[in-house]
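Here's a friendly walk through a protein model, one spot at a time. Have a look at the sequence and the 3D view, then read on.

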Amino acid sequence: MKKNITVIAISIVLSAGLTFAGDMARSITLPDIKVELKAGAGKDKVETLCNICHSTDYITTQPPLSKAQWTANVNKMIKVFGAPIKEEDPGKIIDYLTVQYGSGK
Amino acid sequence: MKEDFSRREFIKTAGVITAMAALGDMPSSLFGSELPMATYPEKTGLLVLTSRPPQLETPMHLFTELITPNNALFVRWHLANIPLSVDLNEWRLKVGGNTGKELSLSMADLKKFEKISYTAVLQCAGNGRSFFEPRVPGGQWKNGAMGNITWTGARLRDILNTAGLKPGSVDVMFNGLDSGSLPSVPDFKKSLPVDKTLEEDIMVAYEMNGEPLTMLNGFPARIIVPGWYGTYWVKALSDITVLGKPFEEFWMKPAYRIPDNPCGCIPSGTTQGRTVPINRMTTRSLIITPSPDTTIQKNKPVEIMGVAFSGGYGIRDVIVSTDGGKTWSEARLGQDKGKYSWIQFSHSWRPLKTGKYTLMAKATNSIGDSQPFEKLWNPSGYLLNNVEKTEINVI
């Protein structure tokens, strides 16, 4: 399965001889990197809720995890980080992660 | 410090002027070497573990130099709202809590403290996590969450002494300009025991390799705890708070902890009991060239080169094997930039037969700590430092 990732990288252009020393203000713009999750039941919920706090490459770059590991992670997001996930949704999110990004255990 | 308005405006604009777009077709499984690469501001192409907040890894081939260029140093933030704009007219480093007085230091004030400088390895606590067996959740770094930088700044001790530590001080807490997207997200705050903060070499750095810090590496100032993992090197520093009791918020407890035993490890796949905050780095050596799976010619001379470092004790020797650990030779060591720096090692070799070879390197630091042949394990993926194997082909 292939996916498309669009990488738009913004780079600061420095004219020759320009140095940062003495600069009072600095600002940067981050590249806009799109992450495509695997299709499957629960994908919309995962995209909406997980993206509140972090990009979903936090999911796609994980090794295959067991249902217990995905459950622990989702519970940490709710209990420690206060993710606003309604009572009926953690199960759907855990199922999606276990099916699409699970180790089969 | 004199302000240069035209330059300031230029910098503000330049940051958003230019965009270059690249379209990549990436495999859905982003494990191993298949991470996308992107060019972030002030950075060369780095591997993207995560994009928001950014966690960017340095490709191994960029470690051929003694000093890691600023644009190649890895990036690791914890919370979504990272500082994208800092105006030194506004920025102040606040020092307070259990102190005689409160300080509000501008960059000019910070630069009035005695300037100190040294070269030190910055390494993420989870560097090498993707090599754990069994695998563990968390940022799946290979070995590129490290770099060797010359840091310059003020001694933390001098700042604390100016504020005046009151009796009963226990921990010193550091906070930066980053924050989570929700108020419920624990702010990224770290602490050190007060005795540690009074050591001579703990620094509030405002320069890396003679330049201001890059935005993604913590402009305008960050804590440097040489020899200890990067988790304490709080970026975009805004507050130093002296506390009369132990600091135990999320990022100190339960995050960033290791098993409370000499190896910081437990049997693979088991549950850890008592823990302590992660601290000093383990001793490591990494072969940079030849890179894994390189094909080289029989009878041609090859330089096996790499870097070695330890948790602030310097490196006594590095030994190299070209036969999978059966025989070893002492490597030559390069320029010594001090006990916190990595040292380059090299070993001249001429393979006489064709076939597969396993190259290995093993470093020992000045107090005799070395590297295990077997990988250690803990559930958070920290402290990895086994002797690594580089497989190459000779034809």
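## A threonine tucked inside

In this predicted model, a polar atom of the Thr197(B) side chain sits 2.6 Å from the backbone oxygen of Val194(B). Thr197(B) belongs to helix H4 (residues 194–197) of chain B; helices here are DSSP runs of H or I with at least four residues, strands are E runs with at least two, and both are numbered from the N terminus. Is Thr197(B) buried or exposed? Thr197(B) is buried, with a relative accessible area of 0%. For these labels, buried means under 20% relative accessible area, exposed means over 50%, and partly exposed is in between, using a 1.4 Å probe and protein chains only.

What does Thr197(B) touch, leaving out residues up to four places away in sequence? The list is Leu156(B), Arg157(B), Leu160(B), Val172(B), Phe174(B), Leu192(B) and Ile202(B). A contact means heavy atoms within 4.5 Å.

## How to read the numbers

Residues are counted from 1 along each chain as its sequence is written, while chains are lettered from A and ligands numbered from 1 in the order in which they are written. Because the model is predicted, local features need pLDDT of at least 70 and side-chain atom pairs count only at pLDDT 80 or more, while totals for chains, interfaces and linings use all residues; side-chain values use heavy atoms, with hydrogens and water left out.

## Chain B as a whole

Chain B has four helices and 27 strands. Of its 395 residues, 57% are buried. Take the contacts in chain B between residues at least 6 apart in sequence: 70% of them join residues at least 24 apart.

Asp158(B), in helix H3 (residues 156–163) of chain B, gives you a pair to look up. Asp158(B) and Glu200(B) are 42 residues apart along the chain, and their C-alpha atoms are separated by 9.1 Å. Apart from neighbours within four places in sequence, Asp158(B) is in contact with Phe113(B) and Glu114(B).

## A loop with an asparagine and a cis bond

Asn127(B) is in the loop between strand E9 (115–123) and strand E10 (146–155) of chain B. With 2% relative accessibility, Asn127(B) counts as buried. Its side chain makes a polar contact of 3.1 Å with that of Gln123(B). (A polar contact is a pair of N or O atoms within 3.5 Å; within protein, one must be able to donate a hydrogen and the other to accept it, and residues adjacent in sequence count only if both atoms are side-chain atoms.) Beyond four places in sequence, Asn127(B) touches several residues, among them Trp141(B), Arg284(B) and Leu384(B).

Pro134(B) is in the loop between E9 and E10 too. The peptide bond from Glu133(B) to Pro134(B) is cis, with omega near -5 degrees.

Most residues other than glycine have a negative phi, and most peptide bonds are trans. Now try the loop between strand E16 (237–243) and strand E17 (257–259) of chain B, where Pro254(B) sits. Lys253(B) and Pro254(B) are joined by a cis peptide bond, with omega about 15 degrees. Tyr256(B), in the loop between E16 and E17, has a positive phi of about 55 degrees although it is not a glycine.

Asp293(B) also has a positive phi, near 70 degrees.

## A helix in chain A

How far apart are the ends of helix H4 (residues 90–101) of chain A? The C-alpha atoms at its ends are 16 Å apart, which agrees with the 16 Å that its 12 residues should span. The expected span is 1.5 Å times one less than the number of residues.

Buried residues in H4(A) include Ile93(A), Tyr96(A), Leu97(A) and Tyr101(A). The buried residues of this helix pack against helix H1 (43–50), helix H2 (57–60) and helix H3 (67–79) of chain A.
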